[in-house]
Amino acid sequence: MADTATIEKAVRHVLPPLPYATTALDPVVSANTIGFHHGKHHKGYVDTLNKLVAGTQFADLSLEKLIGATVDKADDVAIFNNAAQAWNHSFYWRSLRPKGGGKPPAALQQRIEASFGTLDACRKELATAATTQFGSGWAWLVLDAGELKVVKTADAETPLTRGMKPLLTIDVWEHAYYLDYQNGRADYVNAVLDKLINWGFAAENLA
Ligand code: MN
């Protein structure tokens with residue numbers, strides 16, 4: 001039987017509640033998709049992570065520290081994948097909001113125009129990154145050495161390990177859109193950018 005300390009370690013990482021109701025992003029992202037995505041996929045990464053780190057040298061590390069400690073380490077790839085996916089998903093939910101899209105707050109808009117020329121150019125780069133990521137992964141708006149940039153990452157990879165500060169992200173794993181859009185990833189990406197993207201969250205991360 002596990003002692004109390006082991007149990008505490010085993011439940012260290014928690015699935016954060018969604019910042020809105022499961023129906024709040026409908027019809028762009030349906031409650032059905034969010035139910036599986038948050039309640040099964042995201043929860044699965046958190047639960048698996050807790051099992052993988054219980055009783056190991058990693059048991060007491062925060063998600064961010066775990067990601068940094070396991071990146072590019074062949075023996076720890078399962079821990080990295082689940083830790084990074086747990087972090088990426090928490091960040092993704094906050095990158096969306098009901099009645100999102102539109103214009104960023106003024107300070108962010110100025111930074112976008114300084115780095116991309118126009119908001120539309122930034123939006124196009126995000127859409128291109130999200131639609132051209134081959135296979136599973138993520139598109140990101142990041143702060144990199146003082147410049148705003150768009151990057152894409154494969155599978156569980158995250159800009160956190162490249163010295164970049166994530167500002168917002170779009171999940172382009174098929175589980176993020178297949179129930180609603182089937183193979184129409186571009187339709188999902190464009191709808192998210194126009195109707196759900198949370199520029200206010202990006203502005204908070206920039207501050
Ligand atoms: Mn996902």
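Which protein donors does the manganese ion have, and how far from the ion do they lie? I began my notes on this predicted model with that point.

**Entry 1. The manganese site.** I listed His 37 (NE2), His 89 (NE2), Asp 171 (OD) and His 175 (NE2) as the protein donors, lying 2.0 to 2.2 Å from the manganese ion. I then wrote their spacing in sequence as H-x51-H-x81-D-x3-H. For two of these residues I looked up the burial: Asp 171 and His 175 are both buried.

Entry 2. Strands β1 and β3 run antiparallel and are joined by six bridges. I noted that strand β3 covers residues 165–171 and that six of its seven residues are buried, so the strand is largely enclosed by the rest of the structure.

**Entry 3. Aromatic pairs.** I found nine aromatic pairs in the structure. One of them, Phe 91 with Trp 140, is tilted, with 6.0 Å centre to centre and 35 degrees between the planes. What does this pair tie together? Phe 91 belongs to helix α4 (residues 77–95) and Trp 140 to strand β1 (residues 137–144), so the pair ties together parts that are 49 residues apart in sequence.

I next recorded Tyr 92 and Trp 93, a tilted pair with 5.1 Å centre to centre and 50 degrees between the planes. Tyr 92 is buried at a relative accessible area of 0%, and Trp 93 is buried at 3%. I noted a cluster linked by ring pairs, made up of Trp 87, Phe 91, Tyr 92, Trp 93, Trp 138, Trp 140 and Phe 201.

**Entry 4. The two domains.** I took the chain as divided into domain 1 (30–95) and domain 2 (106–206). Their centres, taken over C-alpha atoms, are separated by 20 Å. I counted 20 residues from domain 1 and 25 residues from domain 2 in the contact. Between them the domains bury about 1,800 Å², 66% of it on carbon and sulfur atoms.

Notes: Residues numbered from 1 in each chain as written. Predicted model: local features only at pLDDT ≥ 70, side-chain atom pairs only at ≥ 80, totals over all residues. Heavy atoms only, no water. Donors = N, O, S within 2.8 Å, 3.2 Å for Na, K, Ca; no water. Buried < 20%, exposed > 50% of the residue type's maximum accessible area, 1.4 Å probe, protein only. Phe/Tyr/Trp six-rings, centres within 6.5 Å; stacked < 30°, edge-to-face > 60°. Helix = DSSP H or I, 4+ residues; strand = E, 2+ residues; numbered from the N terminus. Pairing = 2+ DSSP bridges. Domains from an automatic or database assignment. Contact = heavy atoms within 4.5 Å. Buried area = accessible area lost by both parts, 1.4 Å probe.
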